Amino acid sequence: MSIGENITQAIVNIKTNKMRAILTMLGIIIGVAAVIAIMMLGNTMSSSISTQMQSLGVNNITVYVQQRDQTGNQNFTRVGGNNIQEKDLITDSMLNTLRQKYSDSIQAFSLTNSVGSGQTTSGSKSANLNLIGTSPEYNTANNLTLTQGRFILQTDADNRRNVAVVSDKLVSAIFGDANPIGQSIFVTVGTHINNYAIIGVYQSQAQNFGGGTTASSQLPTDVYIPLSTAQRITGSSGYQSAVVMTKVGVNATDFSTTIQNMLNQYYVKNINYQVSTFTAESMVSQVTSMLNMVSIMIAAIAAISLLVGGIGVMNIMLVSITERTREIGVRKALGATNGAIRGQFIIEAIVICFIGGVVGIVLGLVIGTVGVSIIGGMMGSGMTLSVTAPVSTIFLATGISIAIGVFFGYYPANNAAKLDPIDALRYE
């Protein structure tokens, strides 16, 4: 019999014993569906998180001051505002030297100076906020979306103007539907009370993933004021961190090492602190790698059910061979070779596993799509999930299904091929 005839005969046998064939395929279906769904969820999460992180700017390099441990090695813990002195901060002089030395690589610096958390009130209305001094480049580095007005300009910083860029949530809480541009807000941060004229409104991002208990309206949003205005309030002219925006074509990962080495020359005699850097690109790579590894490990555990399914295929093929012993005897008596008999039953096992694999792939895609929708709903608007079908995993699952058919079908098929035709014809 040809391969086509064997496949046709296998399908006929499957139709003859539908329930038994379905139960036999069940292990394959469950295993393949579980692997596809898990890899689909993993790929989708990885892709979505990478997209979110890349929106922060993959070419941005964050430079920050961190503590050394007692051995002088990195502690990888960024310092708090109360644990560092002015002499330990990154200064404008350091950054200017860095800019002059690497002018071909640096586009701009995004600088911040945190004043603190506070509140703004207007009559009976109030809103919580974080008052932050920023340089004009902060908007570009952090991809803020302005819905009204403008961001802080260099002239605002040069003149230390009391102007502010606020979130749309703050505007909604204080002004409702009224136009906020040009309006003043009184801000209280600790003992500091001052009024700021609103020059711009930005679109705020979700602060949680839907699992928090604090009302969204009570969460503080950032209010940005000129850096020089913030420095006048805090009395600090240094920075615990700064963002270096590189020019197009610059390898941010390699350049971050160069920046770290250069700035740490200022910290050679500082036994408590040093400068470290990280890039969004390296973070994206690490997070993606971690998520992929977790997905593969979970998928490998789920794939154990494929082994169970393969054993089920072997079992049902042994039963099938026992039931068809006389048929095998007749075929061998008519001249069928051992190879032909072996091939017939191996192909039948492959067909069973292939059909189970295809059904498992379809079921896995459905489960994966539903799972992505459920997780996206749980996360709310904080993260957008786009369904990513694991094409390579689909082809791999198909190949594994066929391989299982060959592997677990060979032993029963070989037993069938070795049957003595006379004994087979006498079998009742």
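**Why do we call it that?**

Me: What share of the 428 residues of the chain counts as buried, and what makes a residue buried?
Reply: The share is 43%. A residue is buried if its relative accessible area is under 20%, exposed if that area is over 50%, and partly exposed in between (1.4 Å probe, protein chains only). This is a predicted model, in which local features need pLDDT of at least 70 and side-chain atom pairs count only at pLDDT 80 or more, while totals for chains, interfaces and linings use all residues. Residues are numbered from 1 along each chain as its sequence is written, and side-chain values use heavy atoms, with hydrogens and water left out.

Me: How many helices and strands does the chain have, and what counts as one?
Reply: There are 14 helices and eleven strands. They're DSSP runs numbered from the N terminus: a helix (H or I) needs at least four residues and a strand (E) at least two.

Me: What makes a set of residues a nonpolar core, and which members of the largest one touch the most others?
Reply: The members must be buried Ala, Val, Leu, Ile, Met, Phe, Trp, Tyr or Cys, joined through side-chain atoms within 4.5 Å. The largest such core has 30 residues, and Val-32, Met-317 and Phe-345 touch the most other members. Helices H1 (3-16), H2 (18-54), H10 (304-323), H12 (338-379) and H13 (391-417) each put in at least two residues. H12 gives the largest share, with nine residues. Another core of 26 residues lies apart from this one, and Leu-111, Leu-227, Val-250 and Phe-255 are among its members.

Me: Which residues does Val-32 touch, leaving out those up to four places away in sequence?
Reply: Val-32 touches Leu-306, Gly-357, Gly-360, Ile-361, Ala-397 and Ser-401. Contact here means heavy atoms within 4.5 Å.

Me: How do you know that strands E3 and E4 pair?
Reply: Two strands pair if DSSP finds at least two bridges between them. E3 (residues 106-122) and E4 (residues 125-134) have ten bridges, running antiparallel, so by that rule they pair. One of the bridges puts Gln-119 across from Asn-128 in E4. The two strands form a hairpin with two residues between them, and Gly-123 in the turn has a positive phi of about 65°.

Me: Which residue of E7 stands opposite Gln-119?
Reply: That's Thr-188. E3 and E7 (residues 184-189) are antiparallel, with three bridges. E3 also runs antiparallel to E10 (residues 241-246), with five bridges, and there Phe-109 has Val-244 as its partner.

Me: Why is Arg-160 called partly exposed?
Reply: Its relative accessible area is 44%, so Arg-160 lands in the middle class. Arg-160 is in the loop between helix H5 (154-158) and strand E6 (163-167). Its phi is near 50°, a positive value in a residue other than glycine. Most residues other than glycine have a negative phi.

Me: What makes Tyr-102 and Phe-255 an aromatic pair, and what kind is it?
Reply: Rings of Phe, Tyr and Trp (its six-membered ring) pair if their centres lie within 6.5 Å; planes under 30 degrees apart are stacked, over 60 edge-to-face, and the rest tilted. Here the centres are 5.5 Å apart and the planes are at 75°, giving an edge-to-face pair. Tyr-102 is in the loop between helix H3 (92-101) and E3, and Phe-255 is in helix H8 (residues 252-263), so the pair ties together parts 153 residues apart in sequence. Tyr-102 is buried at 19%, and Phe-255 is buried at 6%.

Me: Why is the pair of Phe-407 and Phe-408 edge-to-face?
Reply: Its centres are 5.0 Å apart and its planes are at 80°, so the pair is edge-to-face. Phe-407 is exposed at 61%, whereas Phe-408 is buried at 9%.
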